[in-house]
Amino acid sequence: MKRREIVVGALGAGTLAACSQERKPMGEQASAFKPVVWKMVTTWPPNFPALGTGAKYLGDLITQLSAGRLTIKVYGAGELVPAFEVFDAVSSGTAQMGHGSAYYWKGKVPEAQYFSSVPFGLTAQEMSGWLYFGGGMDLWREVYAPHGLIPFDAGNTTVQTAGWFNREIKTVEDLKGLKMRIPGLGGEVLKRLGVTVQNIPGGELFQALDQGTIDATEWVGPYNDLAFGLHKAAKYCYYPGWHEPGTVLECMVNQSAYEALPADLQAIVEVACRVTSQRMTAEFTARNGRAVQTLVDEHGVEMRPLPAAVLSRIRVVAEQVAQELAQENPAAAAIYDSFSRYAKQTAAWTRMAEGAYLAARHADL
Ligand code: CA
(Lines give C-alpha, C1' and ligand atoms only; values in the text may rest on other atoms or scores of the structure.)
Protein backbone atom coordinates (compact mmCIF):
# COMPACT_ATOMS: atom_id res chain seq x y z
CA MET A 1 0.00 0.00 0.00
CA LYS A 2 1.04 3.57 -0.55
CA ARG A 3 1.73 5.61 2.52
CA ARG A 4 -1.42 7.64 2.22
CA GLU A 5 -3.58 4.54 2.04
CA ILE A 6 -1.95 3.16 5.14
CA VAL A 7 -2.57 6.39 7.01
CA VAL A 8 -6.17 6.60 5.83
CA GLY A 9 -6.75 3.00 6.83
CA ALA A 10 -5.39 3.65 10.28
CA LEU A 11 -7.29 6.83 11.00
CA GLY A 12 -10.61 6.64 9.23
CA ALA A 13 -11.31 7.78 5.75
CA GLY A 14 -13.45 10.92 6.22
CA THR A 15 -10.97 13.55 7.24
CA LEU A 16 -7.88 12.35 5.52
CA ALA A 17 -9.62 11.77 2.22
CA ALA A 18 -10.85 15.36 2.28
CA CYS A 19 -7.51 16.66 3.36
CA SER A 20 -5.28 14.62 1.09
CA GLN A 21 -7.00 15.92 -2.03
CA GLU A 22 -5.44 19.27 -1.26
CA ARG A 23 -2.02 17.83 -0.57
CA LYS A 24 0.85 18.40 -2.90
CA PRO A 25 2.49 15.28 -4.33
CA MET A 26 5.47 14.00 -2.40
CA GLY A 27 8.90 13.90 -3.97
CA GLU A 28 10.62 16.98 -5.26
CA GLN A 29 8.72 19.35 -3.06
CA ALA A 30 9.45 17.31 0.05
CA SER A 31 13.18 17.27 -0.63
CA ALA A 32 13.24 20.96 -1.58
CA PHE A 33 11.45 21.96 1.61
CA LYS A 34 13.58 24.05 3.91
CA PRO A 35 13.23 23.22 7.63
CA VAL A 36 10.88 25.52 9.50
CA VAL A 37 10.12 26.28 13.12
CA TRP A 38 6.48 26.67 14.14
CA LYS A 39 5.15 28.26 17.28
CA MET A 40 2.44 26.37 19.14
CA VAL A 41 0.49 28.55 21.57
CA THR A 42 -1.71 26.85 24.17
CA THR A 43 -4.48 27.66 26.59
CA TRP A 44 -2.74 25.69 29.38
CA PRO A 45 -0.21 26.70 31.98
CA PRO A 46 3.26 25.63 30.76
CA ASN A 47 3.68 21.86 31.15
CA PHE A 48 0.42 21.55 33.08
CA PRO A 49 -0.19 17.81 33.69
CA ALA A 50 -1.73 15.96 30.74
CA LEU A 51 -3.00 19.10 28.95
CA GLY A 52 0.18 21.16 28.76
CA THR A 53 2.42 18.10 28.70
CA GLY A 54 0.13 16.65 26.02
CA ALA A 55 0.65 19.74 23.86
CA LYS A 56 4.41 19.45 24.47
CA TYR A 57 4.31 15.76 23.56
CA LEU A 58 2.53 16.64 20.32
CA GLY A 59 5.12 19.29 19.44
CA ASP A 60 8.03 17.01 20.26
CA LEU A 61 6.49 14.14 18.31
CA ILE A 62 6.12 16.25 15.17
CA THR A 63 9.69 17.50 15.56
CA GLN A 64 10.96 13.96 15.99
CA LEU A 65 8.91 12.32 13.22
CA SER A 66 9.91 15.03 10.77
CA ALA A 67 13.58 14.65 11.74
CA GLY A 68 13.63 18.35 12.54
CA ARG A 69 12.27 19.55 9.20
CA LEU A 70 9.27 20.82 11.14
CA THR A 71 10.27 21.90 14.64
CA ILE A 72 7.50 22.88 17.04
CA LYS A 73 8.21 25.30 19.84
CA VAL A 74 5.48 25.14 22.47
CA TYR A 75 4.34 28.12 24.54
CA GLY A 76 2.20 27.93 27.69
CA ALA A 77 -0.66 30.34 28.29
CA GLY A 78 0.67 33.86 28.67
CA GLU A 79 4.15 33.07 27.39
CA LEU A 80 3.43 34.39 23.91
CA VAL A 81 -0.29 35.19 24.01
CA PRO A 82 -2.91 34.92 26.78
CA ALA A 83 -4.91 31.67 27.02
CA PHE A 84 -8.04 32.97 25.36
CA GLU A 85 -6.20 34.62 22.45
CA VAL A 86 -4.91 31.37 20.98
CA PHE A 87 -7.60 31.23 18.28
CA ASP A 88 -6.80 34.71 16.99
CA ALA A 89 -3.05 34.15 17.22
CA VAL A 90 -3.19 31.07 14.99
CA SER A 91 -5.82 32.55 12.69
CA SER A 92 -3.68 35.64 12.08
CA GLY A 93 -0.45 33.63 11.73
CA THR A 94 1.24 35.05 14.85
CA ALA A 95 1.59 31.35 15.71
CA GLN A 96 1.20 28.46 13.26
CA MET A 97 -0.39 26.06 15.71
CA GLY A 98 -2.53 26.15 18.85
CA HIS A 99 -3.72 23.70 21.48
CA GLY A 100 -6.90 24.29 23.45
CA SER A 101 -10.55 23.37 23.28
CA ALA A 102 -13.18 24.62 20.84
CA TYR A 103 -15.67 25.90 23.45
CA TYR A 104 -13.24 28.64 24.44
CA TRP A 105 -14.08 30.35 21.14
CA LYS A 106 -17.85 30.45 21.60
CA GLY A 107 -17.85 34.27 21.45
CA LYS A 108 -16.51 34.11 17.89
CA VAL A 109 -17.79 30.76 16.66
CA PRO A 110 -20.70 29.59 18.84
CA GLU A 111 -21.17 26.34 16.92
CA ALA A 112 -17.57 25.35 17.70
CA GLN A 113 -18.85 24.27 21.10
CA TYR A 114 -20.30 21.09 19.60
CA PHE A 115 -16.74 19.96 18.84
CA SER A 116 -15.62 20.38 22.40
CA SER A 117 -18.26 18.86 24.61
CA VAL A 118 -22.04 18.84 24.83
CA PRO A 119 -23.70 18.45 28.23
CA PHE A 120 -25.13 14.94 28.52
CA GLY A 121 -23.54 14.34 25.12
CA LEU A 122 -20.88 11.93 23.93
CA THR A 123 -18.12 10.15 25.80
CA ALA A 124 -14.54 10.23 24.49
CA GLN A 125 -15.01 6.99 22.61
CA GLU A 126 -18.35 8.05 21.14
CA MET A 127 -16.98 11.47 20.22
CA SER A 128 -14.12 9.89 18.33
CA GLY A 129 -16.70 7.82 16.44
CA TRP A 130 -18.62 10.93 15.44
CA LEU A 131 -15.55 12.86 14.35
CA TYR A 132 -14.04 10.08 12.24
CA PHE A 133 -16.98 7.96 11.12
CA GLY A 134 -20.03 10.14 11.69
CA GLY A 135 -19.15 13.25 9.67
CA GLY A 136 -18.11 15.42 12.63
CA MET A 137 -14.58 16.21 11.48
CA ASP A 138 -15.70 17.40 8.05
CA LEU A 139 -18.18 19.78 9.68
CA TRP A 140 -15.52 21.04 12.06
CA ARG A 141 -13.21 21.84 9.13
CA GLU A 142 -15.98 23.78 7.43
CA VAL A 143 -16.55 25.85 10.56
CA TYR A 144 -12.87 26.78 10.99
CA ALA A 145 -12.09 27.31 7.28
CA PRO A 146 -13.34 30.93 7.13
CA HIS A 147 -10.88 31.71 9.94
CA GLY A 148 -7.95 30.26 8.03
CA LEU A 149 -7.69 27.38 10.48
CA ILE A 150 -7.63 23.60 10.18
CA PRO A 151 -8.76 21.71 13.30
CA PHE A 152 -7.51 18.33 14.50
CA ASP A 153 -8.56 16.46 17.60
CA ALA A 154 -5.53 16.20 19.83
CA GLY A 155 -6.65 15.01 23.24
CA ASN A 156 -9.64 14.14 25.36
CA THR A 157 -10.19 14.70 29.07
CA THR A 158 -12.58 11.72 29.40
CA VAL A 159 -15.50 12.24 31.83
CA GLN A 160 -14.79 15.18 34.11
CA THR A 161 -15.95 15.93 37.64
CA ALA A 162 -18.98 18.19 38.19
CA GLY A 163 -16.75 20.53 40.16
CA TRP A 164 -15.67 21.83 43.54
CA PHE A 165 -18.19 23.61 45.71
CA ASN A 166 -18.19 25.41 49.01
CA ARG A 167 -21.91 24.78 49.29
CA GLU A 168 -23.75 21.47 49.48
CA ILE A 169 -25.92 20.75 46.46
CA LYS A 170 -28.97 18.88 47.68
CA THR A 171 -31.59 20.35 45.39
CA VAL A 172 -31.53 22.40 42.22
CA GLU A 173 -32.39 25.44 44.39
CA ASP A 174 -28.92 25.20 45.95
CA LEU A 175 -27.43 26.23 42.61
CA LYS A 176 -29.13 29.62 42.70
CA GLY A 177 -26.81 32.52 43.38
CA LEU A 178 -23.64 30.47 43.05
CA LYS A 179 -20.72 32.18 41.35
CA MET A 180 -19.13 29.41 39.36
CA ARG A 181 -16.45 29.02 36.74
CA ILE A 182 -17.79 26.70 34.09
CA PRO A 183 -17.15 27.18 30.36
CA GLY A 184 -19.10 26.27 27.26
CA LEU A 185 -22.60 24.93 27.04
CA GLY A 186 -22.45 23.62 30.60
CA GLY A 187 -22.11 27.22 31.75
CA GLU A 188 -25.15 28.24 29.73
CA VAL A 189 -27.14 25.43 31.35
CA LEU A 190 -26.24 26.50 34.88
CA LYS A 191 -26.89 30.14 34.04
CA ARG A 192 -30.52 29.19 33.39
CA LEU A 193 -30.66 27.52 36.79
CA GLY A 194 -29.58 30.70 38.56
CA VAL A 195 -25.80 30.36 38.62
CA THR A 196 -23.63 33.40 37.89
CA VAL A 197 -21.30 31.87 35.34
CA GLN A 198 -17.72 32.91 34.70
CA ASN A 199 -14.95 31.63 32.53
CA ILE A 200 -11.49 31.96 33.98
CA PRO A 201 -8.30 30.42 32.58
CA GLY A 202 -7.20 27.31 34.48
CA GLY A 203 -4.10 28.95 35.91
CA GLU A 204 -6.19 31.49 37.86
CA LEU A 205 -8.73 29.08 39.33
CA PHE A 206 -7.21 28.24 42.68
CA GLN A 207 -6.77 31.87 43.64
CA ALA A 208 -10.29 32.81 42.53
CA LEU A 209 -11.81 29.97 44.56
CA ASP A 210 -9.54 30.45 47.55
CA GLN A 211 -10.20 34.19 47.75
CA GLY A 212 -13.94 33.79 47.27
CA THR A 213 -14.13 35.55 43.90
CA ILE A 214 -16.07 32.42 42.90
CA ASP A 215 -17.95 29.91 45.11
CA ALA A 216 -17.44 26.94 42.88
CA THR A 217 -15.46 25.79 39.90
CA GLU A 218 -15.18 22.89 37.63
CA TRP A 219 -11.83 22.18 36.02
CA VAL A 220 -11.11 18.76 34.59
CA GLY A 221 -10.93 15.69 36.77
CA PRO A 222 -9.14 14.34 39.84
CA TYR A 223 -5.66 14.37 38.27
CA ASN A 224 -5.77 17.99 37.08
CA ASP A 225 -7.86 19.24 39.99
CA LEU A 226 -5.35 17.79 42.45
CA ALA A 227 -2.52 19.48 40.58
CA PHE A 228 -4.16 22.88 41.16
CA GLY A 229 -4.89 22.06 44.81
CA LEU A 230 -8.60 22.78 44.40
CA HIS A 231 -9.31 20.49 47.37
CA LYS A 232 -7.61 23.10 49.57
CA ALA A 233 -10.05 25.80 48.48
CA ALA A 234 -13.40 23.96 48.42
CA LYS A 235 -15.18 21.47 50.67
CA TYR A 236 -17.08 19.28 48.27
CA CYS A 237 -16.25 17.59 45.00
CA TYR A 238 -19.28 16.45 43.05
CA TYR A 239 -19.56 13.99 40.18
CA PRO A 240 -20.26 13.11 37.40
CA GLY A 241 -19.15 15.79 34.94
CA TRP A 242 -22.49 15.91 33.13
CA HIS A 243 -21.32 19.08 31.38
CA GLU A 244 -18.14 17.55 29.93
CA PRO A 245 -18.50 13.81 29.39
CA GLY A 246 -15.63 13.58 26.91
CA THR A 247 -14.17 16.95 26.07
CA VAL A 248 -12.08 17.07 22.93
CA LEU A 249 -8.84 19.02 23.04
CA GLU A 250 -8.02 20.52 19.71
CA CYS A 251 -4.92 21.31 17.75
CA MET A 252 -5.62 24.11 15.29
CA VAL A 253 -3.22 24.82 12.48
CA ASN A 254 -2.92 27.96 10.41
CA GLN A 255 -4.18 26.93 6.98
CA SER A 256 -1.55 28.80 4.94
CA ALA A 257 1.26 27.35 7.05
CA TYR A 258 -0.21 23.86 6.68
CA GLU A 259 -0.61 24.15 2.93
CA ALA A 260 3.01 25.27 2.59
CA LEU A 261 4.12 21.90 4.00
CA PRO A 262 4.98 18.96 1.73
CA ALA A 263 2.55 16.06 1.93
CA ASP A 264 4.64 13.92 4.25
CA LEU A 265 4.87 16.68 6.87
CA GLN A 266 1.13 17.31 6.60
CA ALA A 267 0.58 13.63 7.30
CA ILE A 268 2.96 13.77 10.26
CA VAL A 269 0.99 16.66 11.79
CA GLU A 270 -2.24 14.76 11.35
CA VAL A 271 -0.98 11.44 12.68
CA ALA A 272 0.81 13.07 15.63
CA CYS A 273 -2.48 14.72 16.66
CA ARG A 274 -4.24 11.34 16.63
CA VAL A 275 -1.49 9.69 18.63
CA THR A 276 -1.58 12.54 21.15
CA SER A 277 -5.33 12.14 21.45
CA GLN A 278 -5.10 8.44 22.20
CA ARG A 279 -2.22 8.96 24.59
CA MET A 280 -4.03 11.66 26.54
CA THR A 281 -7.15 9.53 26.88
CA ALA A 282 -5.01 6.72 28.27
CA GLU A 283 -3.20 9.11 30.60
CA PHE A 284 -6.36 10.61 32.08
CA THR A 285 -7.90 7.17 32.51
CA ALA A 286 -4.90 5.87 34.44
CA ARG A 287 -4.02 8.98 36.41
CA ASN A 288 -7.56 10.00 37.42
CA GLY A 289 -7.96 6.67 39.18
CA ARG A 290 -4.78 7.21 41.13
CA ALA A 291 -5.56 10.86 41.89
CA VAL A 292 -9.04 10.22 43.23
CA GLN A 293 -7.53 7.71 45.64
CA THR A 294 -5.03 10.36 46.77
CA LEU A 295 -7.77 12.96 47.21
CA VAL A 296 -9.87 10.62 49.34
CA ASP A 297 -7.17 8.76 51.31
CA GLU A 298 -4.57 11.48 51.83
CA HIS A 299 -6.63 14.67 51.76
CA GLY A 300 -9.90 13.44 53.21
CA VAL A 301 -11.94 14.73 50.27
CA GLU A 302 -15.53 13.57 50.17
CA MET A 303 -16.46 12.74 46.60
CA ARG A 304 -20.21 13.17 46.28
CA PRO A 305 -22.64 12.14 43.58
CA LEU A 306 -24.99 14.90 42.44
CA PRO A 307 -28.51 13.96 43.52
CA ALA A 308 -30.49 12.20 40.78
CA ALA A 309 -33.20 14.89 40.86
CA VAL A 310 -30.61 17.63 40.29
CA LEU A 311 -29.07 15.76 37.36
CA SER A 312 -32.49 15.10 35.92
CA ARG A 313 -33.39 18.81 35.96
CA ILE A 314 -30.02 19.78 34.51
CA ARG A 315 -30.48 17.26 31.73
CA VAL A 316 -33.76 18.81 30.60
CA VAL A 317 -32.18 22.26 30.45
CA ALA A 318 -29.08 20.84 28.73
CA GLU A 319 -31.16 19.46 25.89
CA GLN A 320 -32.84 22.85 25.43
CA VAL A 321 -29.49 24.63 25.35
CA ALA A 322 -27.98 22.27 22.75
CA GLN A 323 -31.09 22.66 20.58
CA GLU A 324 -31.13 26.44 20.87
CA LEU A 325 -27.50 26.69 19.81
CA ALA A 326 -28.60 25.04 16.56
CA GLN A 327 -30.72 28.14 15.84
CA GLU A 328 -27.70 30.49 15.90
CA ASN A 329 -26.86 29.96 12.22
CA PRO A 330 -27.16 27.39 9.40
CA ALA A 331 -23.78 25.83 10.26
CA ALA A 332 -24.86 25.25 13.85
CA ALA A 333 -28.09 23.67 12.61
CA ALA A 334 -26.20 21.27 10.33
CA ILE A 335 -23.78 20.30 13.08
CA TYR A 336 -26.52 19.75 15.64
CA ASP A 337 -28.44 17.64 13.16
CA SER A 338 -25.41 15.42 12.55
CA PHE A 339 -24.45 15.32 16.23
CA SER A 340 -27.90 14.56 17.60
CA ARG A 341 -28.67 11.87 15.02
CA TYR A 342 -25.36 10.18 15.72
CA ALA A 343 -25.78 10.57 19.49
CA LYS A 344 -29.21 8.95 19.44
CA GLN A 345 -28.04 6.03 17.34
CA THR A 346 -24.87 5.51 19.36
CA ALA A 347 -26.61 5.81 22.72
CA ALA A 348 -28.88 2.90 21.86
CA TRP A 349 -25.86 0.67 21.35
CA THR A 350 -23.77 2.14 24.19
CA ARG A 351 -26.62 1.33 26.54
CA MET A 352 -26.43 -2.32 25.56
CA ALA A 353 -22.63 -2.33 25.47
CA GLU A 354 -20.69 -0.14 27.96
CA GLY A 355 -23.86 0.82 29.84
CA ALA A 356 -25.01 -2.71 30.57
CA TYR A 357 -21.50 -3.95 31.14
CA LEU A 358 -20.57 -1.20 33.64
CA ALA A 359 -23.88 -1.57 35.47
CA ALA A 360 -23.18 -5.29 35.87
CA ARG A 361 -19.57 -4.79 36.87
CA HIS A 362 -20.42 -2.18 39.50
CA ALA A 363 -23.60 -3.77 40.77
CA ASP A 364 -22.23 -4.96 44.11
CA LEU A 365 -19.75 -2.12 44.74
CA1 CA B 1 -13.88 21.39 32.50
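Please keep in mind that the model is a predicted one.

**Around Ser277**
- Ser277 belongs to helix α12, which covers residues 263–297.
- Setting aside neighbours within four places in sequence, Ser277 makes contact with Asp153, Ala154, Gly155 and Asn156.

**A charge over a ring**
- Arg279 places its charged end over the ring of Tyr57, 4.1 Å from the ring's centre.

**Aromatic pairs**
- Searching the whole structure turns up 19 aromatic pairs.
- One of them joins Tyr114 and Phe339: the ring centres are 6.2 Å apart and the planes lie at 35 degrees, so this pair is tilted.
- Tyr114 sits in the loop between β3 (97–100) and α6 (124–133), while Phe339 is in helix α14 (residues 330–361), so the pair ties together parts that are 225 residues apart in sequence.
- Tyr114 and Phe339 are both buried.
- Tyr236 and Tyr238 form another pair, with ring centres 6.5 Å apart and planes at 55 degrees, so these rings are tilted too.
- Tyr236 is buried, as is Tyr238.

Key:
Residues are numbered from 1 along each chain as its sequence is written. This is a predicted model: local features need pLDDT of at least 70, side-chain atom pairs count only at pLDDT 80 or more; totals for chains, interfaces and linings use all residues. Side-chain values use heavy atoms; hydrogens and water are left out. Rings of Phe, Tyr and Trp (its six-membered ring) pair if their centres lie within 6.5 Å; planes under 30 degrees apart count as stacked, over 60 as edge-to-face and the rest as tilted. Helices (H or I, at least four residues) and strands (E, at least two) are DSSP runs, numbered from the N terminus. Buried means under 20% relative accessible area, exposed over 50%, partly exposed in between (1.4 Å probe, protein chains only). A charge sits over a ring if NZ of Lys or CZ of Arg is within 6 Å of the ring centre and within 35 degrees of the ring normal. Contact means heavy atoms within 4.5 Å.
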